[in-house]
Amino acid sequence: MKNKEKCIITLICAVCLCLWGGIYDFTMAIYGCIFAIGIIIVISQKRKILLPANITGIGLVLILVCSLISVFIAKDHGIAFIGVLRCLVIVEFWLLWCNISKQKRESVWDILPDLLALITLVSIMLYFIPASREYLYSAKRLGGVLQYSNTYAALLLVGFIVLIYREEKKKTDYMEGIILIAGILMTGSRSVFVLMLVSICFLLLKKKIQLKYFGIGFTGAVAVLIILQLLMNLDITRLLKMTINSSTLNGRILYWYDGIRQLLKNPFGLGYMGYFFKQPEFQTGNYVTRYVHNDFLQMGLDNGIISLIVFVVIVLGSAFSKNICGRNRLVLIVLALHSFFDFDLQYGFMLCILLMTLDTESKKVCECKKAYGYGAVSVMMVISVYFSLALGFEYFGKTQVALTLYPADTFALQDELNENGDAAVAEMIIEKNGMIASAYEIVASDEADNGNYNASMRHLDDMIKYAGYDGYYYNQAVFYYSKCLDTAVRSEDMEATRDILNKITQMPQLIAQKEADASIFAQRINDKPEIELTDDIQNYIEKMSEIKFTD
């Protein structure tokens with residue numbers, strides 16, 4: 001490959017990585033622009049584009065169809081549609097990957113460890129600049145450009161495996177290996193640490209690593225790590241704290257427990273981000289998480305059981321395929337195992353790496369003519385550019401512009417609500433989403449202030465429904481119930497007065513029932529399923545409990 005082409009590929013990989021690895025929706029839209037440009041270049045060179053009819057290609061299309069179906073099932077159609085766009089971008093990548101030469105595919109693999117070693121080295125140096133430290137480190141752990149330690153560790157392990165499988169090694173490769181291992185240890189990721197040790201044992205048995213060179217390299221990595229630890233004081237000792245009773249492990253089991261029950265109740269999925277929004281309603285423990293920390297289960301929760309089955313078939317089909325090399329198989333197994341305990345594949349870059357390991361061979365290939373190819377890719381390009389702007393403005397705090405471009409963006413509406421506390425915005429959120437407690441609080445507050453106590457009570461009931469284990473909303477509910485009670489008494493509405501008084505006096509029982517409904521796993525994590533009322537609210541409830549109605 002020419003140096004110019006290699007530099008371009010390196011630059012593209014670096015840009016994709018530095019876009020937070022594609023975790024944010026607007027960055028995935030930018031990925032879509034990049035992949036669309038790549039497909040256009042392929043069409044211009046080959047004057048056609050091939051559509052591989054292999055298990056992966058067909059499977060990805062099925063997942064895309066499932067995501068489209070989930071849009072209509074989801075409560076929040078606007079956010080669910082963004083999930084469709086994310087799936088479309090992945091289909092674009094697979095189409096591009098299957099249409100480039102094997103030489104170029106190998107060049108991408110070859111670039112990966114060099115790039116990761118360089119980025120890790122730069123991240124280490126940037127630690128000593130306080131202004132940049134918060135972007136690359138969190139809780140005394142290296143998170144790198146992905147800003148998440150566990151997934152960054154998994155990425156570095158992939159880079160290390162690719163480096164070991166290089167047939168011709170340069171002297172710099174050994175230094176890269178030391179940097180990659182040191183980087184993994186600096187992340188403090190226990191799951192990846194275990195996977196690294198297992199992978200190294202496997203590579204030693206396969207004689208991909210000579211024991212002598214491994215000893216030198218590992219000693220070098222530990223020496224570098226000790227020096228860096230003295231300078232940086234990272235939380236590396238957590239690697240030694242691996243127990244089955246850890247809060248982290250039990251937290252994941254709790255997420256899965258709740259997630260599996262929801263998947264069985266919603267076999268066609270909840271739509272993209274549906275799990276996150278609906279979480280307070282079904283959770284049996286005190287937690288807030290955007291992802292279920294299991295990419296296979298997340299696939300089902302987003303797009304339904306069919307998509308989950310298809311995804312498993314794609315992964316297993318390639319894992320046992322004779323058409324993929326040992327390097328790709330090991331990378332696939334490592335990613336699949338780690339994704340079972342985390343949300344690696346929510347990062348577009350990580351999902352692309354997983355796709356790169358899959359079998360690209362196809363017995364049947366459909367040809368798409370140049371004109372049709374240009375037309376389809378142009379549409380994808382326009383969609384990607386549009387959502388890059390709309391979702392990008394939302395990420396950078398330009399909510400008014402974001403909502404002008406995409407009014408269905410619930411996250412932008414939430415930002416607007418948090419900034420202004422506008423009841424009209426809250427009502428829009430309730431209409432479009434209906435699962436956000438803060439929106440119900442704003443509307444209920446406005447209605448209580450205006451004397452509309454019946455409507456306020458309904459919205460307060462909904463607020464509690466989506467409050468989860470957040471004690472703030474239970475305290476606020478009693479406060480606004482008290483306002484409604486005053487208005488109902490002045491209006492001489494005795495039926496409403498009785499209802500409101502019952503809601504106030506029964507709040508401790510409601511909380512006790514909520515805490516009793518917590519699963520056994522909820523008691524094994526640091527954040528216990530406990531809801532506390534303030535002293536003022538408790539005193540008020542006690543006084544209200546003394547009031548007796550007579551017929």
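Predicted model: local features only at pLDDT ≥ 70, side-chain atom pairs only at ≥ 80, totals over all residues.
Helices here are DSSP runs of H or I with at least four residues, numbered from the N terminus. The buried positions are A437, S438, A439, Y440, E441, V443, A444, S445, E447 and A448. Among the elements covering them are α19 (410-420), α20 (423-432), α22 (453-465) and α23 (471-490), where contact means heavy atoms within 4.5 Å.

Just after α21, G451 adopts a positive phi of about 80°.

Helices α24 (residues 494-505) and α26 (residues 535-545) pack at about 130°, their axes being 9 Å apart. Axes are lines fitted to C-alpha atoms over the stretch in contact, and angles run from 0 to 180 degrees between N-to-C directions. The angle makes α24 oblique to α26, a class left over once angles under 35 degrees (roughly parallel), over 145 (roughly antiparallel) and 65 to 115 (roughly perpendicular) are set aside. L501, I504 and T505 of α24 meet Y540, I541, M544 and S545 of α26.

Residues are numbered from 1 along each chain as its sequence is written. Local features need pLDDT of at least 70, side-chain atom pairs count only at pLDDT 80 or more, totals for chains, interfaces and linings use all residues, and side-chain values use heavy atoms, without hydrogens and water.

Key. Helix = DSSP H or I, 4+ residues; strand = E, 2+ residues; numbered from the N terminus. Buried < 20%, exposed > 50% of the residue type's maximum accessible area, 1.4 Å probe, protein only.
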